[in-house]
Structure formats: structure tokens, C-alpha cells
Amino acid sequence: MDDSKSGINIDTSNGRRPFFYDVTLRDGNQALRNPWNLHEKEKVFRQLLKLGVQGIEVGYAGASPMDFASVEHLARLAPKDVVVASLARAVPRDIEMAGRAILHAPRPRIHTFIGLSPFAMENVLRMEPAKVAQKAVESVALCKSVLGGKGDVQFSAEHFGDSMDNLDFVIETFHRVIEAGATVINLPNTVERYRPLVFVEMVRKVVAALPKHVTVAVHTHNDLGMATATTVESFFAGATQLECALNGLGERAGNTNLYEVAVAIHNCGVENPVNMREIYETSLQVSEWSRVPIYEKAPLVGSDVVAHRSGIHQDGASKTQGMKKGAYRAVEGDLIGRGESDRIAFTSQSGKSAVHEIVKGLGLPITLEEAAVLQPALKAASEQAGGELSDAQIKAVYFDTLVNRNAPLVFSGMKANADGDGFTFKVVWNGEQKSLSGSGTGPVDACMHAVEQIGMYFHLVEYTQQALDPEGSEFAAEALSQIRLQRKANAGAQPEGPVVIGRGKDADTVLANVRALFSGMNLLLAG
Ligand code: KIV
Ligand code: ZN
């Protein structure tokens, strides 16, 4: 991206490209209530290949026979261009098992780790730093020999995020493991305790201290909800391998969410190897496979994150709809394979732009002036309903407010007469409630006769009705009535004047017919 006028630049990568290394099948899996079996792991693995990640940590071969079998199986499935890794503690048994399982892959990697923070060495490993460093070096050397010249070795300093007080020792250990054969140095924020910039400064120091042929990786956990920020900023500080997980699955609050990192880096103008159009579908699949639901406000993929409910946001969203940059949207839905970018929903806080968008979206005609008239009625309905209005509720208010607004004859219900002869129609006629009873060959004929009680005589020219697709509409039927005025009740009177077409829809077919009649009558009465 070009230098900005303020000197603050979004892209400071100097042309570096990220290497996405996914840990869903290892860190994500180890945190699941029901860890995946081989068959389930294969589904996730294939999805990761579709997503285009460059490295996949497929498991921890030494953890259990099931994990060993899945690492071995996925290693055999791996394509030529993807790094496939097994985790191994810095102990010979783990490393040997990792080697045996992973060597089937075209690009195998053993990822070994040990805690180098003062707290971890003293309280968890209970070993002197010099001994821990020695173990790290020996482990890397063993990984190298187990791989026999194939693939590569990654070394992680577990709890790196807690190593601000012994950073020189950690860097010194990195130099030694690099000499022993590691080419990827991973810096985990094993527990997120502090602030992103502290971690990023430490990353910067490591990047500056290590030889250029070494890849620096970051692996951050989301205990305080800042893992994405930490990973993205670490990339711009010089880390190239970004360790992430699908749906942010991982220990405790999870690992860095791959989707968020990929999109943020893309938005900053950095070329991204991830096939981002697969993101939305992947997130839904992984949620199903892991049985971990997606929070409705989850960035990018949550069900509700495309909704705009306040008037100010709805106005900005509709004015910038279809534009590359949206007033209130971080990405176009298309970018992540999500059909929807902005959804305008109506609540009591919504404005007239929202009304215009929503009603148009429902396939009903509306002008901006009409939207301004409809908005207070919808607002009142939303307050009464106690929240967001459904499409059906919006349509009902639309018809009551706009279609029947100036109607002298408002139909409000009907019932069959108790004696079985005809029907009674409840109407408001020039502001007055009335019950009009009529009989005939059916409800339509009965209705035509009922309105004669208020001195109205109509002639039905033609009448049609069609069933509506139950999938696409909450209405069962739509009826059209072609009627014209017939000024006198006597049989010989001639119909006169123009023919109008009344329309009616309803979940009940009979009501759709009667609504069509009233709609036509009102058109005639309006002149
Ligand atoms: O979070 C962590 O420190 C890890 C290491 C094994 C890399 O997952
Ligand atoms: Zn981890």
C-alpha cells in the first residue's frame, strides 16, 4: 500500500508473505470434549487443503495409539507442497514416534518444544536453565537425525510470552537449536496474560537476532481475546509463520482464529495464500464436526454480524451497499464465501432508510416518502413486540399503514354465520366499525352482497386465485379480483365505469379472496 499522508502505513511487510500453519488438528483437537477420530480428522484435513494453508500440524503422534494412527494416515494423504507436522515433547520417545508417523509425508516436520520461561523452568520442569537448554539442543538434534535429511525441524519455546525477563537466555538457546538443525523457531504466547505490544516487541527482538534463513513463527492463545491482534502485529514485526486454528479452536479460550488473521492481513494489502472464499463454509463445517457452536457475534462468521439495526448504521449501510468499502462493514460477504454482506433488520431504533431497504427486499413497492410514513408505525409495532420484527410482521404493518391507509372500507375479519347461511364481515367504514352479513354461492358472493348493506354495489367481472410456493412465502394464496361499480341493486342495472384489479394475499385462501375484493372496492371508492 502507498505511504499515507500521515506517515502511518497499513502495510509494513516490505513484501513478505505469510506462511499459514494450522494447528486445529493438534491444539484444537486436544481441547475438544470429544477429540476427533481418524475419519473425522481426515475431513478437517481435506478442508484445510481446500483452504490452501501451507502447513498443517496433524497431531501429536506420541499422545495415544489413535493419534499415532491419524498422524501416519494424514501424512500419507499429504500433497507435495504442504508441510505436515507432528508435535513431540523434548523427549526421545515422543520424537521417535513423531518421526515414524510423519515420515510418510512428502514434506514432514517434527515440532519439538520445551518451556524456557523462568516460571515454567522453575515450577513445571523444575530444572536448571542450562539443563533445559541442553535438552532442547539434544532434542532438535534427535529430530534431525530421525528425519534422516528429509523435511525440517521446528522448535518452540513454550511460554515465550512470559520470557521478558530472560530473553537473552532464550535467544541464546535459539542460536544453539538452530545450530543443531532447527529452521523454524516458534514463539508461543502459551497463555495470553499481558498486552499485544509487549509480545510484539519480543518478537521483533528475536527476528533481529536470528539468521535470515530461519523462519520465525508465532503461536498465540486467546485467553484475553487479543490473539488475532497479537498474531497480525507479529507478522508486521517480522514473524512469517502464523499458527492459527479454524474457528479459533484450541486450549481454554482457543488459538488464534485463522479467518480473522487471513482477512486482516488481506485488508492491509498483503497477498494472502489462504483461499478466503472457503472461510464461511469451513467455519460452518468445523462447528458441526467439533460440536462447538459459533457465537452469533463471532467476527466474520457469526450469524448476526451482518445485521444493522440502528438508524444511523442502516443509513450508512444502505448508502454504501454494493461499494467496495462499506460504511459499517469490514469485508464484502463474497470475500469469505458468505452470500450476505449487510442485513438490515427492523427494531424500534431503526430509521426510514431501513424501512425502504427492508420493504423493497420483501418485493413490495415503496417510495422514500412512504418509508417515512411507515417508519413510526413499524417502530410502535416493534416496541409492542419487544424487539426485532419478522418479515410477516413488517408486511402486516405495511399493508395496514400504506395500502389501507386512506381506504374508506377496511376489512378486519370474517366468520361463517352460526345458522349456516352466509358470512359476517367485520369492517371499518368511514371510521366506523360495522358487521355486514351476506349470503350467496360462497364467501366471495356473500361478500359482494354484504357490502350492499352500506349502499355499495359492485359487479365482479373476473376472479382468479393462485396457490403460492409454501417455501418462498408465508402466504398460501394470492387472489386477483377484477371488479367495477354497479350503481343500482336491481338485477337489470348495467355495470359502469372502469374495471379495477384488487389484490389480496393471505395464509388462508378464503381470506386472500376476500382481501382482493376489498382492495378492489377501495380502489373504486378512491376514484
Ligand atoms: O501453546 C503452546 O505453547 C503450544 C506449544 C506446544 C507450541 O501449543
Ligand atoms: Zn498452543
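Me: Helices are DSSP runs of H or I with at least four residues, numbered from the N terminus; in this predicted model, in which helix is the place of A209?

Reply: The structure is a predicted model, and A209 is partly exposed there, with a relative accessible area of 31%. From R193, A209 is 16 residues apart in sequence and 25 Å apart in space, C-alpha to C-alpha. The helix that holds A209 covers residues 196–209 and is α8.

Me: Which residues are the protein donors of the zinc ion (ligand 2)?

Reply: The donor residues are spaced D-x191-H-x1-H in sequence, and they lie 2.0 to 2.1 Å from the zinc ion.

Me: Which helix and strands each supply at least two residues of the shell around ligand 1?

Reply: Ligand 1 is surrounded by residues including R26, H111, S156, N186 and T190, and by class the shell has three nonpolar, six polar and three charged residues. The elements that each supply at least two of the shell residues are α1, β4 (108–115), β5 (152–158) and β6 (184–189).

Me: What percentage of the accessible area that ligand 1 has on its own does the protein cover?

Reply: A polar side-chain atom of R26 lies 3.0 Å from an oxygen atom of ligand 1, while side-chain N or O atoms of D27 and of H219 are each 3.1 Å from an oxygen atom of the ligand. On its own, ligand 1 has 260 Å² of accessible area, and the share of this area that the protein covers is 94%.

Me: How many disulfides does the count come to?

Reply: A disulfide is a covalent bond between the sulfur atoms of two cysteines, and the cut-off applied to the sulfur pair is 2.5 Å. C268, which is buried with a relative accessible area of 15%, is in no disulfide, as the nearest cysteine sulfur, that of C244, is 14 Å away. C143 is also buried, with a relative accessible area of 0%. By the cut-off, the count of disulfides comes to zero.

Note on methods
Residues are numbered from 1 along each chain as its sequence is written. Chains are lettered from A and ligands numbered from 1 in the order in which they are written. This is a predicted model: local features need pLDDT of at least 70, side-chain atom pairs count only at pLDDT 80 or more; totals for chains, interfaces and linings use all residues. Side-chain values use heavy atoms; hydrogens and water are left out. Donors are N, O and S atoms within 2.8 Å of the metal (3.2 Å for Na, K and Ca); water is not among the atoms, so sites may look incomplete. Buried means under 20% relative accessible area, exposed over 50%, partly exposed in between (1.4 Å probe, protein chains only). A residue is near a molecule or strand if one of its heavy atoms lies within 4 Å of it. A polar contact is a pair of N or O atoms within 3.5 Å; within protein, one must be able to donate a hydrogen and the other to accept it, and residues adjacent in sequence count only if both atoms are side-chain atoms. Accessible areas come from the Shrake-Rupley method with a 1.4 Å probe; for residues, only the protein chains shown count as cover. Ala, Val, Leu, Ile, Met, Phe, Trp, Tyr, Cys and Pro count as nonpolar, Asp, Glu, Lys and Arg as charged, and the others, Gly among them, as polar.
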